[in-house]
Amino acid sequence: MSDQPVPNPVPEEQDILIQDLEDIPETPSTPNGDEKPCVCERCDAPVEHGETYCAQCLEQMHHYPIPAGAVIGAALAAVVMLFSVFVLGVNLLIARQVVQGDKALESGDLKGCYSAYENSYNVAKKLNELLFADSSGKYFTNGSATLQKQIRALYRLNGPYQAGLAIDSYFAGNVPRSLQDIYTEYGRIAAFVEQMQKSVSAYKDTLPAGDTGSYDDMVALVEDARQKCPDTPDYMAEYYRFSVSYSLGDDPERTCAHLDTLVQMAPDSLWLYASEGIRAYNLAEEYEKALVLCNRLMKLDASAPSSIAYTMAELRLLQKYDEALTVYERALALTAPSSEMERQRAIILMLQGDSKTAQDILVASYSPSTATLEHVATIAVCAHMNADTAVYREYKALLDSYVPYAQVDLFAAGEITLEDIFLSHGGEIQ
């Protein structure tokens, strides 16, 4: 064996370091070499060696064993928890409205669907505004998903033009993907409508005073606008052809031919042509076709007073009086009767020979702010049937202060019958 010593596996420098660490006292010293003073763990006040808390803190802890900070923290945690529960509860209520809207949409109740979506959106929006007016944070579910559903319901109820305006209003150009198809259709329609307005306005400026223009000229404007706006939906161009013929009023058969084509091309676009279409069919005495449109309106929204009144009028023109009154009675479970619904009911009673009840209904449902001139004219006719001179003169004078109705004078003179007024040529008093 070698007589050389075995090398030390730990270098001398590390031996020194270990020794230095071993020599550090357990109680640290202050910079001047004195021991660090003892302080209260609660308030840092000086205490005797070995004491943990000062006398004042011990007294406070005796009465309030939970530190103030802990109490505040617990209170804040409770507030946060209560707020979270509140937010969750409100969002569940809002979500319930959305679910109701979804169910209404599936069942075809577009008005109920739109109403439910609108309620959920408005409640959430109002809460956000009231509680977080100065904050960009939105804690309630108000918007994009629900609003998109609402706009799609609006599209089915009132068409792409109204829905497109809503998209512009709410999304300011940042159109969600789910609404892009509606917005594209809206843009195509808007461009065509703008072009038609310019063309018709320029055309009418060339006409003599009182001249409404010719069918051929105005249809040519439609074709020109269609060439300038090639993305225009086909049904919109056909609607304008129908509208031109309807506005001129010189050829009911031609108007109905355009209308038949339009209904076939766009069966779900009642928002576009239903009102004009029903009148056009009535003027051509195509009452069955008009009733088909009315029935589809009722399926779209069975509670709409206008749809109910239209349906009652068509059944009256077809002399289905009992069916018309049944429609009225059933509608009362869905909506309050409008003055036009009451007028249609009164006309049916007049045709059935009960003019006394009819007059009571007409006068009771008359309101200067909502009644139409047709309502006033119908009261005058009914009062004449009842030989009620005072009521006849009152409403006839009111009517004449606006515009004379020839049929009222003819009826009073005995030259036409009640059936002539309300069962022929569209059945509307003129």
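1. A crossing is right-handed if the near helix is turned clockwise from the far one by less than a right angle, and left-handed if anticlockwise. In this structure, α7 makes a right-handed crossing with α8. Helices here are DSSP runs of H or I with at least four residues, strands are E runs of at least two, and both are numbered from the N terminus.

2. This is a predicted model, in which local features need pLDDT of at least 70, side-chain atom pairs count only at pLDDT 80 or more, and totals for chains, interfaces and linings use all residues. Residues are numbered from 1 along each chain as its sequence is written, and side-chain values use heavy atoms, with hydrogens and water left out.

3. Start with the overall make-up. The chain holds 19 helices and zero strands. Of its 430 residues, 39% are buried (under 20% relative accessible area with a 1.4 Å probe, protein chains only; exposed is over 50%, partly exposed in between). Take the contacts (heavy atoms within 4.5 Å) between residues at least 6 apart in sequence: 53% of them join residues at least 24 apart.

4. Look at Tyr273 itself. Setting aside neighbours within four places in sequence, tyrosine 273 contacts Tyr239, Leu259, Leu262, Val263, Ala266, Pro267, Leu293 and Arg296.

5. Return to α7 (residues 215-228) and α8. Their axes come within 10 Å and cross at roughly 165 degrees (axes are lines fitted to C-alpha atoms, for helices over the stretch in contact; angles run from 0 to 180 degrees between N-to-C directions). The angle makes α7 roughly antiparallel to α8 (over 145 degrees; under 35 is roughly parallel, 65 to 115 roughly perpendicular, the rest oblique). From α7, the contact takes in Tyr215, Met218, Val219, Val222, Glu223 and Arg226. From α8, Asp234, Ala237, Tyr240, Arg241, Val244, Ser245 and Leu248 take part.

6. Now α14 and α15. The axes of α14 (residues 339-351) and α15 come within 8 Å, crossing at roughly 165 degrees. The two helices are therefore roughly antiparallel to each other, and the crossing is left-handed. On the α14 side are Ser339, Glu342, Arg343, Arg345, Ala346, Leu349 and Met350. On the α15 side are Ser355, Thr357, Ala358, Ile361, Leu362 and Ser365. Six of the residues in this contact are nonpolar, four polar and three charged.

7. Helix α15 (residues 355-365) also packs on α16 (residues 373-385), at about 150 degrees and with axes 9 Å apart. That angle makes α15 roughly antiparallel to α16. The crossing of α15 past α16 is left-handed. Ser355, Ala358, Gln359, Leu362, Val363 and Ser365 of α15 meet His375, Thr378, Ile379, Cys382, Ala383 and Met385 of α16. This contact has seven nonpolar residues, five polar and no charged.

8. Check two loop residues. Glutamine 319 is not a glycine, yet has a positive phi of about 60 degrees. It sits in the loop between α12 (305-317) and α13 (321-331) and is exposed at 52% relative accessibility. Alanine 387, also not a glycine, has a positive phi of about 55 degrees. Alanine 387 lies in the loop between α16 and α17 (389-400) and is exposed, at 61% relative accessible area.

9. Proline 46 belongs to the loop between α1 (12-22) and α2 (55-63). Its relative accessible area is 70%, so it is exposed. Beyond residues up to four places away in sequence, proline 46 touches Cys38 and Val39.

10. Finish with isoleucine 429, in the segment after α19 (418-422). At 2% relative accessibility, isoleucine 429 is buried. Glutamine 407 is 22 residues from it in sequence, and 6.7 Å away in space, C-alpha to C-alpha. Leaving aside neighbours within four places in sequence, the contacts of isoleucine 429 include Arg343, Glu374, Ala377, Thr378 and Val381. Tyr405, Gln407, Val408, Ile421 and Phe422 are also in contact with isoleucine 429.

Terms used
Nonpolar A, V, L, I, M, F, W, Y, C, P; charged D, E, K, R; others polar.
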